[in-house]
Each structure stands twice: as C-alpha cells, then as structure tokens.
Amino acid sequence: MSVRHALLALLSDGPKYGLQLRQEFESRTGEVWPLNVGQVYTTLQRLERDGFVESEGSGGPQNVFTITTTGTDELAVWLRTPPDVVPPPRDELVIKVLVAIGVPGVDLPELLQVHRRRMVEAMQEYTHVKGEMAEDDVELGLVVDSELFRIEAIVRWLDAADARLKQLAARPARTPAPAPRIGRARTGNRR
Amino acid sequence: MNAVVELRAVSMVYGSGPTEVHALRDVDLSVQAGELVAVMGPSGSGKSTLLTIAGTLEEPSEGEVRIGDRDVSRLSRNDRARLRRRSIGYVFQDFNLIPGLTAVENVALPLELDGVRVRAARAAALEALARLDLAGRADRYPDELSGGESQRVAIARAVVGDRRLLLADEPTGALDSVNGEAVMRLVRTACRDGVAGVVVTHDAQLASWADRVVFLRDGRVVDQTAPRPGPESLLTPGAKP
C-alpha cells in the first residue's frame with residue numbers, strides 16, 4: 001500500500017499538519033492500517049524532496065503541508081493505475097495441495113476441509129465486524145468487503161480443487177503422462 | 001439448553017437397489033433458539049434434503065427429528081401440518097410469493113390458514129412488514145416489488161406470528177450483494193430476537209453470517225467452525241488484515 005499517495009490524497013482538499021494527516025489516514029482507512037507519526041514525517045520529507053508537497057512553518061509538528069501541481073498530477077496518475085494483478089510467484093496453499101497429492105497417507109478432502117474451515121472462520125470474523133458496524137461506515141465496509149472477497153476466492157478455489165481431486169480419485173492408477181509429441185499430435189490422434 | 005430443532009442420527013435414502021441414493025448419512029444437528037447455523041456444501045451434498053427433513057416436509061429413512069421437545073415421527077399428519085404452519089417459516093431462493101396476493105396478504109396467509117381471523121392476521125402481517133421497513137409496500141403485488149423487497153416480504157411471512165424456526169435455502173441466490181447483505185442482516189436480527197435459523201448454501205459469504213457453519217459432504221457432516229473468538233482477533237491495531 002502506498003502511504004505516499006494516500007498522504008497526497010489527504011492533502012488534495014487543503015493544507016494540513018502532520019498529526020492531522022495521521023488521524024485522517026486512520027479514519028479514512030477504517031482504522032485498519034495504523035500509521036506511526038515517524039512514518040508520516042519521513043514520507044512527507046520525501047514528498048517535499050520530490051516536489052510533490054511544500055511546507056511552511058517553523059519545523060516539526062508546526063509545519064503545514066500543501067500539495068503542489070506536480071503532486072496533484074502524480075495523485076491523478078496513481079489513482080488510475082491498476083494494481084499489479086500478476087499472481088505471487090508461489091502461492092503457499094496451491095503448493096501445499098499440489099505437494100500433498102504425492103504424500104502417502106494424506107486424506108486430500110480432509111486437508112482441503114482444514115483450510116476451508118479456517119478460511120470460513122476468518123470470513124465469519126470479518127462478517128461479524130460488518131454486522132456490528134454502523135451501516136453508514138463506508139470506509140470500514142469497503143475494507144471488510146475487500147477482505148471477504150479475497151478470502152472467498154480462496155474458498156472457491158478449495159471447492160474447485162475438491163471437485164478436481166474427485167476426478168483424480170476416480171482415475172485407476174497414476175501413470176506418467178506421455179511426453180507431448182509436438183507437431184504429430186493432430187494426425188496421430190485421428191482414426 | 002433447549003434445541004428448537006434437533007436431528008438425531010438422521011439418514012435419508014432415495015430409491016432402492018442399484019439406483020439407491022444416500023442423501024444423508026447419520027446426521028446429528030441441533031440448533032438453539034437465538035442461533036443461526038449455516039449448512040455449507042457443494043451441490044448434491046444433501047443440503048436441501050436436510051432442510052426439508054428439518055422442516056418436517058419429508059420423513060427421514062432413519063433417525064429422529066425433534067421440533068421443540070416433540071418427536072415429529074410420533075405426531076399425526078394433522079398435528080405435523082399444524083406444527084409446520086405455526087412454528088416453522090421457510091425462505092426460498094426464488095421467494096415463492098403468491099402472485100395474486102399483495103405483500104400483506106402473502107404475509108397474513110399462513111396465519112389465516114391456521115385459523116387466525118382476517119383482521120388480526122392482517123394486523124400481525126402489517127407489523128411484521130413494518131419491522132422489515134416494508135410498511136409502505138404492504139399493498140403492492142409481487143410483480144411490483146424488487147427482488148430485495150420480495151425476499152424481505154418472504155422473511156416477514158417466515159417470521160410472522162409465533163414462529164420459532166426459520167429455514168432458508170440459498171436465500172440470497174437471486175439477489176445482488178447489497179440486497180443479499182440486507183437479507184442476511186434481517187435473518188440475523190430474527191435470530192437475535194429468539195428464532196432458531198438454519199440456512200443452507202454453497203456460498204461462503206452467506207454462510208459467514210452464521211454463528212456456526214456446519215460442512216456437509218456426500219450426505220455426512222464432516223466438520224464445523226469453532227465458536228468465534230472474542231474480542232476481535234483480526235482488526236486489532238498492528239494486525240495485518
């Protein structure tokens with residue numbers, strides 16, 4: 001998550017003090033991402049160095065920060081840049097399940113269920129937060145929804161894995177797949 | 001603790017011989033007043049069978065179903081029908097409202113069928129609709145209601161009067177996420193007010209509204225979630241969500 005750009009966003013509606021920025025950051029993100037004061041000032045110094053903000057005052061907590069035109073342009077570009085959707089190089093859960101297929105004595109449906117239960121329990125906790133929060137708390141609602149959809153995707157993958165592994169169980173014996181015969185497959189398969 | 005509904009070693013077999021299908025195998029499930037339980041499983045896992053048996057719409061091949069403190073198999077056909085009318089409310093994915101009746105008439109219908117006078121049934125139905133913020137839609141017909149409103153009317157019908165058990169089969173399946181969430185808030189509120197709720201679903205988001213999630217696979221209960229830890233373990237400062 002970019003603290004730099006979040007601070008630029010907070011400065012876009014007017015000049016602010018560092019402490020004020022920290023408070024607004026936490027309240028706008030549903031108080032889910034705590035931010036320490038040191039982090040706020042370090043980031044503001046870098047933004048100033050890069051010409052995205054200007055400061056005025058006697059230094060430290062007394063300084064008021066203002067976004068520059070360059071800062072406003074940078075914010076507009078950042079808001080419209082899609083996040084990186086490339087999957088992580090190694091998804092731990094996928095690796096665990098793939099590896100488990102070859103481990104003797106592992107009950108695969110039971111293994112998937114262990115993970116499914118934990119994921120649904122996490123969803124229950126987030127949904128409980130949503131159920132208890134004020135219905136007009138849009139910020140917290142957005143954060144909780146995003147986590148719920150993320151975890152739900154894992155549960156759906158586990159369900160799909162369950163269905164695929166049923167096919168594996170129905171397969172008579174595990175034989176190594178023949179090496180693909182590139183270029184000959186089309187004529188070879190025709191009868 | 002008094003269970004509103006209890007399934008004891010319930011099995012359900014359809015057909016016989018080579019076409020025999022075991023829809024449920026040795027299922028135990030107990031739901032208390034005030035508790036919302038979700039039964040989660042893939043298609044064909046026995047969820048809907050479990051719901052029809054809990055709702056006394058079908059009799060199990062083996063095992064016992066108790067509603068309140070009564071063994072359903074010992075009741076006469078009439079007593080069972082009365083129990084269904086008075087104590088159990090059903091909510092389905094496609095709402096199942098009667099098209100020729102207004103919202104308030106739909107909600108009042110189960111009471112009238114049970115012998116409550118028309119005026120008293122209407123008053124109770126209006127009150128149930130008002131609790132779900134639908135007082136202004138009482139005289140509308142189902143085709144004049146949105147999907148979300150229709151499902152709220154169905155919930156009002158399911159909890160009107162003295163119903164103690166709310167059974168729902170994929171209640172948010174036909175709704176978008178905002179209306180689905182509103183429906184689950186209402187189901188949860190009904191349970192907080194003392195109704196025992198059972199929701200069957202394959203949808204983890206919907207299931208996560210429940211106090212307890214029971215997992216069904218090939219007709220067997222294979223697992224359930226642990227009670228929620230408290231205080232909140234996820235959204236505490238410093239914790240990565």
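This is a predicted model: local features need pLDDT of at least 70, side-chain atom pairs count only at pLDDT 80 or more; totals for chains, interfaces and linings use all residues.
Local features are described where pLDDT is at least 70 and side-chain atom pairs count only at pLDDT 80 or more, while totals for chains, interfaces and linings use all residues. Residues are numbered from 1 along each chain as its sequence is written, and chains are lettered from A.

Confidence is a friendly place to begin. Over residues 184-191 of chain A, pLDDT stays under 50. An assignment, automatic or from a database, divides chain A into domain 1 (3-80) and domain 2 (92-170), and the C-alpha centres of these two domains lie 36 Å apart.

Turning to the two chains together, 21 residues of chain A are in contact (C-beta atoms, placed from the backbone, within 7 Å) with 23 residues of chain B.

In chain B, 4 strands form an open antiparallel sheet in the order 2-1-4-5, where strands pair if DSSP finds at least two bridges between them. Strand 2 (21-32) and strand 5 (70-71) of chain B each have a single partner strand, so one side of each lacks a neighbour in the sheet. Within this sheet, 5 bridges join strand 1 (residues 3-14) of chain B to strand 4 (residues 62-67) of chain B.

Methods
pLDDT is the predictor's confidence in each residue, from 0 to 100. Helices (H or I, at least four residues) and strands (E, at least two) are DSSP runs, numbered from the N terminus.
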